[in-house]
Each structure stands twice: as C-alpha cells, then as structure tokens.
Amino acid sequence: MAERNPLVIANWKLNGGIDLLCTSVAAFIGKHFETDIAICPPYIYMRDMLNFLQHSEIIVGSQNISKYASGAYTGETSAKMVKQAGGGLCLIGHSERRQMFGESNASCQIKVNQALEVNLMPILCIGENLQQRDAGVTKDVLFKQLEETLGEIECSGEQLCVAYEPVWAIGTGKAASPDDAQNIHAYIRCQLASIKGEDFAEKVRILYGGSVNKDNAADLLKNKDIDGLLVGGASLDAEHFMQICKVADAN
Ligand code: PEP
C-alpha cells in the first residue's frame, strides 16, 4: 500500500498583518516534523514568510493562482511567479473563490495544469454546500468537481492533493464527524480510481478541511483515507496550530 505522508496546511485567507502571521508559526523554527506542514499567507507576505521561516521545514504556498501564464491581466499572479518566489504549493478552487470570485470547475482545471507545468503542487479544494447536502446530492457534486477538473489532467497521484471541504463546515465551528468525513474521503478515493486509475488514487493525499481544531484533529486523522488537514481559523492561533501539527505527527 502507498505511504501517504500527512500534510497539514494553514489557510490564512485575508488576514494579517505580518506580525500576527509570524507569531502564528514562530515556534516551528528549528523544529523537525515528520508531517509535511505548509502555510498559505496572502501573496504579498509569501517572501516575508519564506525569509522568516528559512530555518524551518515549513512549506510556503499561495491561496490561489491565475489561470493565465502571463500578459495583460491586471491584479493576477501566475503559478510561475509563485514558484519563483519560493512557493511549493497552491490552493485551487477554495469554496470562497467559487462562491465569491466565480471560480468554476473549468477554471480550476486550467489552474491545476498551470501549477503542474511549473512543478507547483496544486491542492484542489472540493465540497458541497448546505443546500446540496440537504438535497442528498453531495456525492454527485463531488464527482462532478473531480471529473470536470481532473478528467483530462495528466499527472501522478503524488503531484497533487485533493482537499475535501464541506462548505457548511468552513468557519462555522461545525466540522464533519470523523465517520462522515472518512466515508466521503473513501468515496473520493474510489471515484479518483475510476477517473485517474488505481495507482493515482492510492498515492493521492486527500485532506479534510472545515472547522478543524486542536480537539477534533486526532479523531479526524485516525481515519485511513484522511491524509491531512486544511486549517483556516485555528491556524492563526499559534498554540492551536502547533497542537494540530503535533497530533498529525503522532498519528
Ligand atoms: C478553510 O477556509 O479552508 C477552512 C477550512 O476554514 P476553517 O478551518 O476556519 O473552517
């Protein structure tokens, strides 16, 4: 069976300033973790964080990338620019971008390709909203997101990650229960096997995101198809984020 090293990612969204962000991860400097740990600050802070964290193992990533490689696209930042700045991964298709900035499966597909082309690891975020959950169409929504985004993409399972983030769980304090999350992750892996093949599905890391905190992280990570966590609010609290990473390491 493939070894999938755990990955914990902090999504700092539109939060700052730089002092708060440095405080959130200062304790990681000089420490070793078996778990892969990443932070996604606003673009403008990426370089600062890389400098601040140069004696740590933390990967710095972006919260988005442009679907364009270069040109007259005011306000955009390309995958290559993130890579050149020292970025190791990028979030793609976060539900806040889908809801508020018109991100679609089609644009996610282009962005995943852009990231792969420059060797930046895409973290494809998928998830159903409350209405879809209540209507019992969660699995259909997830399948469509996976199929339309990854169906035509050529890569191996180690080159990207999927983050399952039920929209109703993001920032609400209501995380999916560990059993429900495991069931959905198993479904996602199974569908990835049908779309991308068994080897891809075996190797790809599937992260859970949505109201993760230091108290629920262990129970989520105990499950065999939950390979890591995408953490929003709790990642801004230095002690909480450290605890979550320690739990991932002990898992
Ligand atoms: C997120 O925005 O990716 C997220 C998981 O947020 P929170 O942990 O605050 O629910």
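Modeller: A contact means that heavy atoms lie within 4.5 Å of each other. Leaving out residues up to four places away in sequence, Asn223 touches Pro178 and Gln182. This model is predicted: local features need pLDDT of at least 70 and side-chain atom pairs count only at pLDDT 80 or more, while totals for chains, interfaces and linings use all residues. Residues are numbered from 1 along each chain as its sequence is written, and side-chain values use heavy atoms, with hydrogens and water left out.

Biologist: Is Asn223 buried or exposed?

Modeller: Buried means under 20% relative accessible area, exposed over 50%, and partly exposed in between, with a 1.4 Å probe and protein chains only. Asn223 counts as buried because its relative accessibility is 16%.

Biologist: Which residues have the most contacts inside the largest nonpolar core?

Modeller: Such a core is a set of buried Ala, Val, Leu, Ile, Met, Phe, Trp, Tyr and Cys residues joined through side-chain atoms within 4.5 Å. The largest one here has 64 residues, and Ile188, Leu192 and Tyr208 have the most contacts inside it. Another core lies apart from it, with 13 residues that include Ile9 and Cys161. Back to Leu192: beyond its neighbours within four places in sequence, its contacts include Leu146, Val162, Phe200 and Ile206.

Biologist: How many disulfides does the structure hold?

Modeller: A disulfide is a pair of cysteine sulfur atoms within 2.5 Å, and the structure has zero.
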